[in-house]
Amino acid sequence: MSWFYMAWRNLGLKKLQTTLSLILLAFGVGLVSLLMLTEKQLSDTFDRNIQDIDLVLGAKGSPLQLILANVYHVDAPTGNIRLVDAQKVIRHPYIEEGIPLAYGDNYRGFRIVGSDESYLEHYGAALENGSINKAPFEVVVGHKVAETTGLKVGDTFFSAHGLQDETDVHTDKTFTVVGVLAESRSVVDQLLHCTIETIWAVHDGPGEIIDESEREITAVLLKKRNPLAVLTIPNVIRETNMQVALPAIEINRLTQNFGIGMNTLRAIALLIMLISFASIFISVYDNLLARKYELALLRTMGSSRRGVFLLLLLEGGLLSFGGATLGLIFSRIGLLVLAQLIQDKFRYDWSSIGLLHSEWMLFGMAIFVGLMAAAIPGISALKIDISRTLSEK
Amino acid sequence: MIACNDIAFQYHTDSPVLSFPNLDCSKGGKLLLLGNSGCGKTTLLHLMCGLLRPRQGKIEVQGQDLAALKGKDLDRFRGEHFGIIFQQSHFIQSLSVLENLAVPHFLLGQSFPKTKALELLESLGISHKAQAKPQALSVGEQQRASIARALIHQPSIVLADEPTSALDDDSTAAVISLLEEQCAFAGASLIVVTHDQRLKSRYNNRVELKPSAS
């Protein structure tokens, strides 16, 4: 026998009320926790892939689309730009480095991106097997791609035209896997990397000769040398079909737009949590009224006022602990479902379900408020007139 | 063992003062407090175990003046020295009968003698209800279960408030005999507060309470 056991059994006496309080709190905590996890995964994904990319040069269109397509590879590109025009920008004194990208094909839904070694170096990608691609049609496979498709060094495959569609297969151009990358938890995990010349070769018609000045690429990831680049480069490219977008600003705008929805959901979740705390209060208060005689009885058997108070506090604590724990479990289930959708759609891995610092805070707060909700009727219990209560029945 | 002298009690300043005759019950002794409804039987019982404080007079239990005890010391003293059987049976509804019997020991921080508890329930004829919830028991069974709970921790004094009010003649005799046996076995004093005239002949040491107001 213990206070804990007694509190546990008391909660079990009113199963419906206890279940309702638990579900309400679990739902509220679960929703807040899921939002926290989603925001964390989103910001981690953004931060990991944005590293040191100050500007993205690409075809005119939506700047956000330019960023999403060329930094995160989750959207279609805005179009192509001429390599010679792009090189002018890369060679600008305000620009320290420019990483050219060209793509338009996929293998089983994973993008084949043509670039140079600096792209892999930029994300700190290391080889797990094999070597870096040098010759045309050699590819280095990202960790996630290798894991999903089973591609390994020495394997060959055909690419399909488009970024997801697998119907228009270039059966005349064979790619060979020369290397597999170790996991970097960045965008390169879900890409197949080859040279830009390979991308051109795939799309050149048989015997077609294309003037080098007409060669096109999709985008260039730029790192600035001088902060004035942000103001200067747009003027440099004004007369071309190109634009530059600032990832930091576009992502900030995106998260702000997301934020409105997130804040609405957060408000709803907090409201549900408030209702659940009210439910705990009602549950404990109702128990107090119904069990006034029991509490008086405990006092006659030697329990101090503090013991009775502790019992009610434990009931509230158990409810809030159970609800908050269930909530965190629910949020993990929610995240895993969401991760599967993200995985299917965008190839990003969102399955990290570790407990965030903010979730510990949420957990602690839920238990604290639950205890407070129980403390109010608990204080009333301290004032019970034992003699009168026992004489009333 | 327990002595009450010059006890007077008043619920509120504007309510009548209840005066009680002097009482004395020795260790292992028996005392019957007989009186009709409204004469303050339950009030006196609550005064004796410290649930109420007298306006005047002194209550001594095993040489301890109850007025000198306060707060948790008084709570513990009550738990340790008294076993109380109420007119209406009160239980912790979420616990089984056996678990209810474990509560006094838990509150006193003592280990629960489960075998002894089962034997006690057996002697009261309700061992088959040990695992049942109190609400599943009949009124008579509930009364027996509350007797078991009052005796389980071997208190010095057992206070029984109308213990036989819900029982028929046969059960009354059986329950009172058992109560007396158990108290005698434990060396506990038994104070029975009742209006049940059937018990009058069983007790030599008895006090008849009369309504008093001043």
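1. In chain A, helix α3 spans residues 63-70, and L66(A), I67(A), L68(A), A69(A) and N70(A) within this helix are buried. Buried means under 20% relative accessible area, with a 1.4 Å probe and protein chains only. Helices are DSSP runs of H or I with at least four residues, numbered from the N terminus. At the start of α3(A), a side-chain oxygen of S62(A) comes to within 3.3 Å of the backbone nitrogen of L64(A).

2. The model is predicted: local features need pLDDT of at least 70, and side-chain atom pairs count only at pLDDT 80 or more, while totals for chains, interfaces and linings use all residues. Residues are numbered from 1 along each chain as its sequence is written, chains are lettered from A in the order in which they are written, and side-chain values use heavy atoms, leaving out hydrogens and water.

3. Helix α2 of chain A, residues 15-50, contains S21(A). Because its relative accessibility is 1%, S21(A) counts as buried. Beyond its neighbours within four places in sequence, S21(A) is in contact (heavy atoms within 4.5 Å) with S276(A), S279(A), I280(A), S283(A) and L319(A).

4. The largest nonpolar core has 73 residues, of which M6(A), L295(A), L298(A), L33(B), M48(B), F82(B) and I191(B) touch the most other members. Such a core is a set of buried Ala, Val, Leu, Ile, Met, Phe, Trp, Tyr and Cys residues joined through side-chain atoms within 4.5 Å. Another core, of 36 residues, lies apart from it and includes I81(A), V141(A), A146(A) and V180(A).

5. Where chain B and chain A meet, 28 residues of chain B and 25 residues of chain A take part in the contact. The area buried between the two chains is about 2,500 Å², with carbon and sulfur atoms giving 66%. Buried area is the accessible area (1.4 Å probe) that two parts lose on being put together, summed over both. H90(B), F106(B) and L107(B) supply 24% of the area that chain B buries against chain A, more than any other three residues.

6. Two salt bridges cross the interface of chain B and chain A. A salt bridge is a side-chain nitrogen of Lys or Arg within 4 Å of a carboxyl oxygen of Asp or Glu. E99(B) forms a salt bridge with R9(A), and the closest N and O atoms are 3.2 Å apart. On the side of chain B that touches chain A, α1 (41-48), α2 (71-81) and α3 (97-107) of chain B each give two or more residues. The largest share of that side, six residues, comes from α3(B).

Definitions and conventions
Buried means under 20% relative accessible area, exposed over 50%, partly exposed in between (1.4 Å probe, protein chains only). A polar contact is a pair of N or O atoms within 3.5 Å; within protein, one must be able to donate a hydrogen and the other to accept it, and residues adjacent in sequence count only if both atoms are side-chain atoms.
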